[in-house]
Amino acid sequence: MIACAGLCSCNKEKLSERIYNQGINVIPAPEQIAQGSGTFVLDKDASIGISHDSLQPVVSFYAQKMRASTGFGLPQKEDGTIRLTIDKTVTGNEAYQLRVTEDGVEVRASSLRGLFYGMGTFLQLLPAEIESPECVDGVEWTAPEVEVTDSPRFPYRGLMLDVTRHFISVEGLKKHIDMLASIKINTLHLHLSDYQGWRVEIKKYPLLTEVGSRRIDEYGKEYSGYYTQDDIREIVEYARERFITIIPEIDVPGHSLAAIAAYPELSCTGEKYEVMSRWGRFPVVFCPGKEVMFEMLDGIFAEMCALFPGPYFHIGGDECPKEVWKTCPHCQKRIQEEGLWTDSKHSSVDKLQSYAIARCERILKKYGKRMIGWDEILEGGLAPDATVMSWRGEAGGIASALMDHDVIMTPASGGMYIDYYQGNSQAEPFAWGGYVPISKTYSYNPVPDTLVQMGKEQYIRGVQANAWAECMYTEDIVEYRVYPRILAVAEVGWTPLKNKDFADFSRRLNNAAVRMDCRGINYHIPVPEQPDYCRNHVAFTDSTVVQFSTSRPMKMVYTLDGTEPGLQSAVYTEPLVFRENGTIKIRSVLPSGRMGIVREVEVERQTFLPASAEEPEHEGLRLRFSPTRCLYVSEMADVKEWKDSILTSIEPIVKLRKNKYSGVEFYVAVADGYFYVPEDGIYEFSSNNTRITVGGRLAVDNDGKPQINSKYGRSLALCKGWHSIKVEQISNFIGGWNSQQRNDGAVRFRKYGEQAWKRITADQLKYN
Ligand code: TNX
């Protein structure tokens, strides 16, 4: 019987011989690996030997793991089959040497961490089922004969988890820590405070969590969560045992509304605010003109620095709207007193931000910590010893390195934003935006040529991926976005450039997938996409061909009868031809038999919808408007009082754009009239409004969904001429998204085959 979830092999085939267990599957790929012809077999007689008692923690960690899956006793013996030795001639704190021969396994390193990584590599040489938490039968526990000499390319290899927008439980964090340790990621950065939540207990300031950890969602439900100091100690210790350092981030002076909700004196005006339940940037931030900001930060940092033993503390510093500071008397006084005048390089408010950050650095130094900040901390002049995380491209990182500051590269443009879509947005679950397939993450090189030319590349300390969590509503979806892309980051951070090979990495992922199954991780499996023209509703008049591919080569199975595709379903081998209505359900299959999410594509045979016999009379659309709060279109039927007017284009249905960050104005609006179709054709529609109906048929449906990244567009076969159009817009927020925030109000359309979208323009609108 197989213990690993998601593994399914009821036949007699040996698991160890399955395709995903063939070859060498180590991630990240080592610096040097030479394969011999022999094989090591781990059997019931195997034992472990250590050179010194201090190695006990590493040995117990792995012995326990291997006992669980193999069922072997793995006792400790002086001359064990697997031998771990501290060897000071192996240079580098994270380096190790690993020799696997027919007779045994030898790991040497100058540190416990090195031995931990060496053993990690050995486990990856064994069949993937070694990671199973339960005993697995039918596996021959073999590892190829190899000689490995290994050390990382960069000392810093990190993941940032945003636990403010959506909280991750202690158990959830431990699951990440376990997985990250197995791929030699050594830093977990926790983003602990933001507009939307304060997530760490501070004894001196209890309201930070009492008030700051709670927000009210669009349904009036409370969302909350925070780590007690005991939780933090537990997480930090768990991570330490796995050689992972946790870096806490308290974001200042922007992204600080949750703290202001708890202690209003922290802002310029002292007004009372609520913890934000919507995403975006808001102009309520800390006031560096007031001493109370620094007094409180001192108290907060004091407690946190004692909890987090690592050398670094992250103070955020990103995206601070500084407009309020320009008119705040406290800020202006500070600018005067400190002489923070605008000069040719920096504005006075930028200098004020730098002043605040430099004071944070002084507080942190008092507690023995080094400061990290996002690249905005460069803007008013960089604090003396700051380490910079370059996220807005590499420019901030390059500028910092040129000033001899340490840099961690984490550019969104370099594929390090793993909150972005990893496949076509039409095929993937809802995400923030962007497009970061794993190949993009994998191909990132953190050392820009300029720095090599200037001899400054040593300031690049490493690389990090960021999992911002606005659109990660559950812990499952966090895992879906993080894995397997973080495996690519692990290889970017560890493996020498010359050893990187995406095709081989993709192959090794099939083995890593089984290891992740054993850990119960909900990782992403490429979703079938139509190569050039990906959409979920396909209309045609005579016949159509629907084609699928995946971002890395993968078997696909599908059904046409509405049932869930399974391993026994038809295998996709060639484009599907339709002459009648149909529903395609298709998903990818990994070599292990594990399947990805089901993609559903509706195929519909239509006849051209005739245009209206007469041209409508007046230019524009009729608008009905009501300042009522609704969440769903169905609630609009109960709205009693409407105000009628005429619109000359569709866009103004989305109001108040200039006020988009400070709140949501609740209203409903319906625009009605006709839209001119320039020629016969099959048209696809797209809009971030709530619902679009053309010719009485649904063309876009975002009802009850966040009104960004619309993927609910449908297609219609339309004759040239005037067709009725109805645009419904609910202004509210759903899933944290203000429905005006990323909605320009437009309705876009394109004829099949065209790539570019066109807006419906004013001259295409009329009403009767
Ligand atoms: C920018 S990266 C932010 C975050 C958002 C993220 C969304 C950075 C320092 N700030 O607050 O969550 O974009 O991708």
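## The largest pocket

Helix 1 supplies the largest share of the lining of the largest pocket, namely five residues. The structure is a predicted model. Helix 1 spans 56–70, and each of helix 1, helix 2 (112–125), helix 5 (229–241) and strand 13 (245–252) gives at least two residues to this lining.

The volume of the largest pocket is about 480 Å³. A total of 21 residues line the largest pocket, and those nearest its centre are Tyr238, Arg240, Glu241, Arg242 and Phe243. By class, the lining of the largest pocket holds twelve nonpolar, three polar and six charged residues.

## The ligand site

The ligand takes up the space of the second largest pocket. This second largest pocket has a volume of about 410 Å³. Its lining is made of 18 residues, with Gly280, Arg281, Glu319, Trp432 and Glu470 nearest the centre. The lining of the second largest pocket comprises eight nonpolar, three polar and seven charged residues.

Around the ligand itself stand Arg165, His255, Asp318, Glu319, Trp374, Trp391, Tyr417, Asp419, Tyr420, Trp432, Trp468 and Glu470. This shell divides into six nonpolar, one polar and five charged residues. Glu319, Trp432 and Glu470 are among the residues around the ligand, and they are also among those nearest the centre of the second largest pocket.

## Polar contacts and cover of the ligand

## The largest cavity

Six cavities of 30 Å³ or more are present in the structure. The largest cavity contains about 100 Å³ of space. Its lining consists of Phe61, Tyr62, Lys65, Phe116, Gly120, Leu123, Gln124, Glu131, Asp178, Ala181, Ser182 and Arg519.

Helix 2 contributes the most to the lining of the largest cavity, with four residues. Helix 1, helix 2 and helix 3 (170–182) each provide at least two residues there. Helix 1 and helix 2 also each supply at least two residues to the lining of the largest pocket. In the lining of the largest cavity, five residues are nonpolar, three are polar and four are charged.

## The second largest cavity

The second largest cavity has about 80 Å³ of volume. Asn25, Ile27, Gln124, Glu131, Met179, Ser182, Ile183, Leu487, Asn511, Ala512, Arg515 and Arg519 line this cavity. Two or more of these residues come from helix 3 and two or more from helix 16 (502–518). Helix 16 provides the largest share, three residues. The lining of the second largest cavity divides by class into five nonpolar, four polar and three charged residues.

How values were computed. Residues numbered from 1 in each chain as written. Predicted model: local features only at pLDDT ≥ 70, side-chain atom pairs only at ≥ 80, totals over all residues. Heavy atoms only, no water. Near = heavy atom within 4 Å. 1 Å grid on protein atoms, 1.4 Å probe; cavity = no way out; pocket = protein on both sides within 12 Å on 5 of 7 lines; lining within 4 Å. Sits in = over half its atoms within 2 Å of the grid points. Nonpolar A, V, L, I, M, F, W, Y, C, P; charged D, E, K, R; others polar. Points joined across faces, edges and corners; volume = space filled by probe spheres on them.
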